[in-house]
Structure formats: structure tokens, C-alpha cells
Amino acid sequence: MYSLLIKNAKIVDGTGNPWFYADLAMKGEKVVRIGSVKEEESEKTIDAKSFVVCPGFIDQHSHADLVLASAQQLKCLEGRIRQGITTEMLGNCGISVAPISQESKGLMKAFTEWMAPGDLPWDWESMADYFSLLEQKGVPINVGTLTGHGAVRAIAMGFRSGRPSSGELEVMKKHLADTLEQGSFGMSMGLIYAPGMYADTRELIEMAKVVKEYDGLVTSHVRGSSETNLFAERELIRIGEESGCRVHRSHNEAVGREHWDKIEKSLQMEEEARKRGIDIAYDMFPYPAAMTMMIAIYPPWALEGGWEGFVKRLQNPETRRQMEEDVEEMVPGWPTWKEGSWPHNIVKATGWENIYIGYIPSEKNKKYEGLNLREVGEKVSKSPFDAISDLLIEEQGAISQLIFGVSGDRETDAPLHQLIAHRLGGFVTDAIDIGMGIPHPAAYGTYPRILGKYVREEKLLSLEEAVRKMTSFPANRLKLKDRGLIREGFFADLVIIDEEKIIDRATYEKPRQFPEGIEYVIVNGEILLEKGRLHPIRPGKVLRRGK
Ligand SMILES: [Zn+2]
């Protein structure tokens with residue numbers, strides 16, 4: 001007897017091959033038969049006539065590390081489950097919540113505040129501890145993690161700039177190796193954030209050599225996506241070349257119109273690198289806007305010493321003027337880790353009119369949500385810089401920004417299309433909902449948006465190719481075993497979609513809107529989403545490299 005049968009499925013199997021019809025039978029957590037199966041041979045049957053069945057989507061770039069460890073887990077993940085995500089990879093952009101030490105815990109806790117859906121005990125240290133916490137709680141979908149370079153650097157040397165001593169480098173390598181032993185899929189780097197931004201290329205190559213020993217993946221939020229975009233691409237290629245490790249550019253993008261042409265060049269560089277035997281690829285999110293903390297518009301020197309130092313500099317007229325001048329004029333240069341340099345000046349790249357206030361905590365200032373910084377300045381008769389700086393002080397820094405002009409102004413601009421369609425790219429959300437404020441719509445709409453807008457409406461890529469980029473592509477990059485394809489013997493992570501109806505409904509103004517056209521989501525053979533109903537079950541697994 002089979003436990004679950006999907007009859008009359010139009011199967012898009014994740015390889016990129018043309019669809020075919022078959023019945024699909026499961027026993028427990030695995031797909032065991034693809035062919036012709038009678039209904040009476042199964043305990044439960046789903047009739048998939050006129051629907052497409054494909055592997056569950058694998059989001060290679062999630063920041064749900066703390067959401068998964070929290071009591072709000074299912075509520076915060078609902079928008080992800082309802083867009084067909086069955087597996088996600090944590091620990092991105094140099095930030096993983098494990099490993100931590102007693103000394104690094106405070107730093108990492110403050111640094112990951114934006115990912116936290118409330119107060120958490122932080123009662124783990126090793127990655128193995130963190131995995132057991134998740135296993136104790138249970139997880140609705142499958143989760144794996146990379147090791148944040150920032151997390152292991154913080155253990156060895158706090159958030160100090162400069163090179164590690166040879167002893168410190170050994171400590172970092174040891175902690176990285178431990179996490180890889182415990183099941184991490186590789187190392188992520190976040191090179192525009194502290195402490196990753198302090199690391200030079202040599203240090204990163206040394207760390208990547210450790211990942212190479214375990215056949216893991218090195219991913220990078222590179223050092224800037226405007227002026228320094230191609231320098232940063234070249235650095236990642238060099239890390240791959242000199243360490244021999246597989247490397248991957250996270251959320252490839254170009255911020256600001258004058259940098260959009262760098263996208264085509266970066267893709268050419270990846271193709272050329274591959275010809276020389278370097279295993280490099282990328283992923284992207286299909287939106288011309290990115291969300292981050294408002295504080296990211298200031299130069300690094302303005303943020304030294306944390307929040308207090310920042311406020312002090314704003315209260316001193318002289319340093320305040322210097323900050324404004326830098327924000328408006330300073331051109332990032334290479335190398336970005338040298339004293340006084342700046343990897344990524346958002347205002348210079350996009351202009352005040354392309355930066356919108358996403359979320360503002362106080363009732364009094366809510367009226368500024370959804371306005372760009374030029375409009376905010378006009379409303380209060382101040383310069384955009386003075387307006388936003390005063391608001392930040394009032395709101396103690398807790399303002400988020402939506403930056404437009406990321407790889408395009410509109411959803412149909414050529415650079416964004418190139419990133420979506422290129423064979424070396426996969427799709428990620430890079431977005432989470434922590435249940436507060438306004439999330440990026442990608443947290444609710446990424447995969448349906450690709451299938452509805454870019455496959456059905458714009459015919460930018462075929463259904464089979466789009467599904468490949470959401471399933472076997474990330475599985476292959478991460479070397480996930482037995483997932484990402486519809487195959488006998490593989491885990492039954494499946495999505496059943498209505499290809500005529502599928503579309504995202506999440507917008508920048510109203511992001512918490514579920515997509516249409518996702519009929520069923522099945523995780524390890526269990527039905528998690530059934531015709532619009534989310535079951536409160538936790539069929540997911542904590543995935544470990546090589547297992
Ligand atoms: Zn990132």
C-alpha cells in the first residue's frame with residue numbers, strides 16, 4: 001500500500017526536461033513510484049488533473065535563523081510555505097547564529113536583532129546545539145545552514161578591524177571545521193557588513209580552503225554592488241581559484257542606474273571563470289527593490305562605537321556636516337577594507353528619491369512610511385539628510401528602507417531580465433517576515449512571481465527552466481542529497497500548482513498577501529498545505545551536509 005498518491009500529474013521534474021504525465025506514489029517520506037498507479041493501491045489520493053506537480057522550491061538564501069528557533073515559527077513562515085518553499089538554507093551573508101562563544105554572544109545578538117521575532121534565550125553555543133534545538137521544536141519545512149564567516153571571526157577577534165594574527169586565524173579555521181563536521185553546508189561571507197568587511201582576500205582564501213576539504217560551498221554577499229561591483233566579482237572568482245572551492249555570488253544585483261551595465265559584465269566574468277575550471281554561479285531575487293536597515297546609508301566611520309557613537313556624531317554640527325558630505329559625495333573605492341574606505345554608498349548610487357521608508361515604529365511618525373527621503377525632507381523643510389537623521393535619532397535607529405533602482409527601475413528592465421534568465425542563476429527570497437514592521441514582498445511572493453509574471457505573462461523563460469532554477473539548481477550548488485528532483489527514491493518534497501492561475505499578490509505597500517495558484521505543499525511525504533489550508537504539523541528535517 002502507498003501512503004499517498006498523486007493521480008494524473010503533469011510532472012515538471014526539476015531537471016529542465018519537458019513535462020510529462022504520470023501518477024506519483026509515495027511511501028512515508030519518499031517517492032517510490034512514478035508511472036501508472038491505481039487509486040485502490042493508496043491510502044490517500046490527490047487528483048492533480050490540470051495541475052502541474054514539481055519538486056518543492058529550495059530557497060538557498062533565507063534569514064529565518066532566529067524565526068525557526070522562536071515560538072512564532074509557524075506564523076512567520078506561513079508566507080514562505082504558501083509560496084511553495086519546502087527547504088531553506090540559513091546562515092547567509094556572513095551571519096549565522098551558531099557557533100557562538102560566551103564572548104561573541106552579545107555582539108551576535110545585537111547584530112542579528114533585525115532577524116529576531118522577539119526575545120530569544122540564545123542558549124546554544126555550537127552548531128550541533130542549535131540543530132538539536134530546532135529538532136526539539138520541530139520544523140515545518142527542511143532547513144540546513146551555512147556557517148557565517150562573521151560568526152567565527154567574532155569568536156576569534158570580536159568586531160575588531162584589521163588582519164587576524166596567525167593564532168586568531170587558526171581559531172577561526174577550527175570553529176569553521178567543527179561546524180562543517182556537524183553538518184554545515186559551507187561558509188557564507190557578508191563583506192559589506194561588520195565584521196566581514198574587515199577581512200582581506202587572503203584571509204577569505206584561507207577560510208575557503210577549509211570548506212574545500214569538506215566539499216562545501218562558499219557563498220558571498222560581495223563587497224558592494226555599485227562602484228565596486230566588478231572588483232568584488234573578481235575577488236570572489238579569485239577566492240574560488242586559489243582555494244579550489246566552489247563559490248557562489250549571493251543575490252547578484254546592481255544598485256543604481258549607472259551601474260546596471262555591470263550585471264552583464266559580471267555574468268560574462270562568471271562564464272569565463274567557469275571556462276578556466278572555477279565552479280562559480282549566483283542567485284538573485286526577482287524585484288527591482290531591496291530592503292535593509294536605514295542606518296546602512298551612513299559611512300562606516302559614522303557607525304564606529306555603535307549607536308551611541310553615531311548619535312554623538314550627529315549632535316556635533318561639524319561631524320554631522322562631514323557625514324552629510326560623505327553620503328552625498330563619497331565614491332566607494334577598492335580595496336574596500338582599507339581605513340577610511342566605504343564599500344557601498346547607497347545614496348550616491350541611487351539618489352534620495354529612490355530610498356523609501358519601509359517601517360517606522362512610532363505612531364507619530366507612521367505618516368512617513370512609504371515616502372521617499374526627498375519627500376520626507378520637503379515635508380519637514382529640511383535637507384533629506386537632516387530629515388532622516390533626526391527621524392533615526394527619534395526612533396532609535398529602528399527604521400527600515402526600501403531601495404529602488406536595483407538592477408532596474410521596473411520589473412521589465414533588461415538587467416533584471418538578464419539576471420532572471422541566465423543559466424547560471426537561481427532564485428532566492430533573501431527576505432523574511434519577523435511578524436513586525438513591513439517585510440519585503442519577496443517573503444510572500446518570490447516563486448509565484450517567477451512562475452506567473454516571468455514565465456506565463458512575459459515568457460522570459462520556460463516553466464521547466466524556471467522550476468529547474470528553483471529546485472535542482474540550488475540542490476546541486478549545495479550538494480543536497482535526494483532532493484530537488486522528482487525521482488523514485490528521492491524525498492517527497494512536492495508542490496502542486498495551477499499554472500494558469502499562479503501569481504504573487506504581495507506588494508511593497510501590502511506585503512503580507514498570500515499568492516494564488518499554489519494548491520498543495522508536501523514536505524517529506526506529508527501534506528502541509530492542502531487547498532488553502534495550512535496544517536499545524538512539522539514534517540521538516542534539519543539537513544546536514546553529506547547525510
Ligand atoms: Zn545579503
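Modeller: Happy to; I will start with the cysteines and then widen the view to the protein around them. Please keep in mind that this is a predicted model. The structure holds zero disulfides. Cys 76 shows why for its own case: the closest cysteine sulfur belongs to Cys 93 and is 19 Å away, too far for a bond, given that a disulfide needs the two sulfur atoms within 2.5 Å. In general, such a link is a covalent bond between the sulfur atoms of two cysteines. Is Cys 76 buried or exposed? Its relative accessibility is 3%, so Cys 76 counts as buried. Cys 93 is buried too, at a relative accessible area of 4%.

Now for the surroundings. Of the 547 residues in the protein, 63% are buried. The secondary structure comes to 19 helices and 21 strands. The radius of gyration is 23 Å, close to the 24 Å from the globule rule for 547 residues, so the protein is as compact as a globular protein of that length. Along the principal axes, the C-alpha atoms fill a box of roughly 80 × 55 × 45 Å. Among contacts with a separation of 6 or more, 75% are between residues 24 or more positions apart.

As for the surface, the protein exposes about 20500 Å², and carbon and sulfur atoms supply 49% of that area. Its charged side chains number 69 positive and 81 negative, with the centres of the two sets 3 Å apart.

Technical notes. Residues are numbered from 1 along each chain as its sequence is written. This is a predicted model: local features need pLDDT of at least 70, side-chain atom pairs count only at pLDDT 80 or more; totals for chains, interfaces and linings use all residues. Side-chain values use heavy atoms; hydrogens and water are left out. Helices (H or I, at least four residues) and strands (E, at least two) are DSSP runs, numbered from the N terminus. The radius of gyration is taken over C-alpha atoms; the globule rule is 2.2 Å times the number of residues to the power 0.38. Buried means under 20% relative accessible area, exposed over 50%, partly exposed in between (1.4 Å probe, protein chains only). Contact means heavy atoms within 4.5 Å. Accessible areas come from the Shrake-Rupley method with a 1.4 Å probe; for residues, only the protein chains shown count as cover. Lys and Arg count as positive and Asp and Glu as negative; His and the chain ends are not counted. The place of a charge is taken as NZ of Lys, CZ of Arg, CG of Asp or CD of Glu.
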